[in-house]
Amino acid sequence: MRGPVAPGREPEARLAEAEGLARAIDLDVVHAETVRVAEPKPATLIGSGAVERLHGLIEEQEIKLAVVDWPLSPVQQRNLERAWSCKVIDRTGLILEIFGERARTREGQLQVELAALSYQRSRLVRSWTHLERQRGGFGFIGGPGESQLEIDRRLIGERIGRLKKELAEVKRTRGLHREARKRVPYPVVALVGYTNAGKSTLFNRLTNATVMAKDLLFATLDPTMRVVKLPSGRDIILSDTVGFISDLPTDLVAAFRATLEEVSAADIILHVRDVAHPETTLQQQEVIKVLKELDLETRLDSDMIEVLNKIDLLEPGDRETLLQQNGRQTDAVALSALTGEGTGRLLADIDQRLASQRQIGHFKVPHGEGAALAWLYSHGEVLTRRDDEEFAYLDVRLDPADVGRYQRLYPVAPA
């Protein structure tokens, strides 16, 4: 059920998104509708007439769980549960369930549990036992048959404190890993986009990987990385990330902070858009808003390429118009990750963008330093070389980071 609608979005589209969220954790949606709310009611969010009408429907169809796609206060949640005689969760609870099921890394699991405990601190009742699926769980998510538990505020506070300490250590370790990756001479290209825009399908297409890629909201939560070879022969690291979504509750932002930090450290950002979606422009705005919150506003023009995905789903006339417009753009690529059309141009554009970021360095390398010469040839583009009896003098086009790497590895005098 959809509650108040955010400005600029169609109620039907938001309702469809809410259904997609529910199906993402294998819930069987037997009824979905939009409820018009002139003024939110403090007790139940929606009016008494709608509450009564839905009670009859819930009772008739023996519905066990109602999802309200809007933040509910603890009082509203409790009153609706009493009125409908079934479990009620809101948008935050539903997304937490999805995150809890999809998190695979230790940090992802810790972040989700921390978000869940913060969310339910005011509710004092575990919100997860209504979804008794035949699967294991971790932390706050229980398996089949788990009883409803009353959780004391003090115990939640203690658990939150322990989780924050564990997260601090995990983040420190991840920071060390990121520093280690900086010493690897591969630029990082990060995929971002609204959930279900086709990022994982594109990731699989470019890397020949088998990352989960379905018509499913939040199919990817933890960061995934693979090496991709560009047309020039140069290698890059391609990073897939969690999909963004509108109205993401504040408590949940940290639950995928790990993948977003990979975006901050990336050399190039690929913003994957579903151009066949009726709200593609609004979805684009949501993604840009999050990137700006990550202090990436200055990089949106210089380091971002828009990937206009799913052109295979457009009507022939719309597709032709888009391709003609895209032919005149230098910061966007129209393609189909599913069929592979346009992916060659994307790789070429990444190649060109990375080449433009390179700088020319002048190096004087002793002839005995064969490893240093090999490093320059393998990591840069040697433009000129002149040799005398003692040294090789080279002009090499390198990434700025590679210049620093070379100087650390081979601290010899420059030319």
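The model is predicted. In soluble globular proteins, nonpolar side chains tend to be buried together. Here the largest nonpolar core holds 36 residues, and Leu 94, Val 192, Val 263 and Leu 291 have the most contacts inside it. Two or more residues each come from helix 1 (11–23), strand 1 (65–68), helix 4 (91–102), helix 5 (106–120), strand 3 (188–193) and helix 10 (280–293). Helix 4 contributes the most, with five residues. Leaving aside residues up to four places away in sequence, Leu 94 touches Ala 18, Leu 21, Ala 22, Ile 25, Leu 27, Val 67 and Ile 89. A second core, separate and made of 22 residues, includes Leu 230, Val 272, Val 307 and Leu 347.

Six strands form an open sheet in the order 4-5-3-6-7-8, with mixed pairing. Strand 4 (224–229) and strand 8 (332–334) are at the edges; each has a single partner strand, so one side of each lacks a neighbour in the sheet. From one strand to the next, the twist averages 25°. Strand 3 pairs with strand 6 (residues 268–274) in the parallel sense over five bridges. Ala 190 has Ile 269 of strand 6 as its bridge partner.

| Helix | Strands it lies across | Angle |
|---|---|---|
| Helix 7 (residues 199–207) | strand 3, strand 4, strand 5 (235–240), strand 6, strand 7 (304–309) | about 155° to strand 5 |
| Helix 10 | strand 3, strand 6, strand 7 | about 155° to strand 6 |

Key:
Residues numbered from 1 in each chain as written. Predicted model: local features only at pLDDT ≥ 70, side-chain atom pairs only at ≥ 80, totals over all residues. Heavy atoms only, no water. Core = buried A, V, L, I, M, F, W, Y, C linked by side-chain atoms within 4.5 Å. Buried < 20%, exposed > 50% of the residue type's maximum accessible area, 1.4 Å probe, protein only. Helix = DSSP H or I, 4+ residues; strand = E, 2+ residues; numbered from the N terminus. Contact = heavy atoms within 4.5 Å. Pairing = 2+ DSSP bridges. Axes fitted to C-alpha atoms, helices over the stretch in contact; angles between N-to-C directions.
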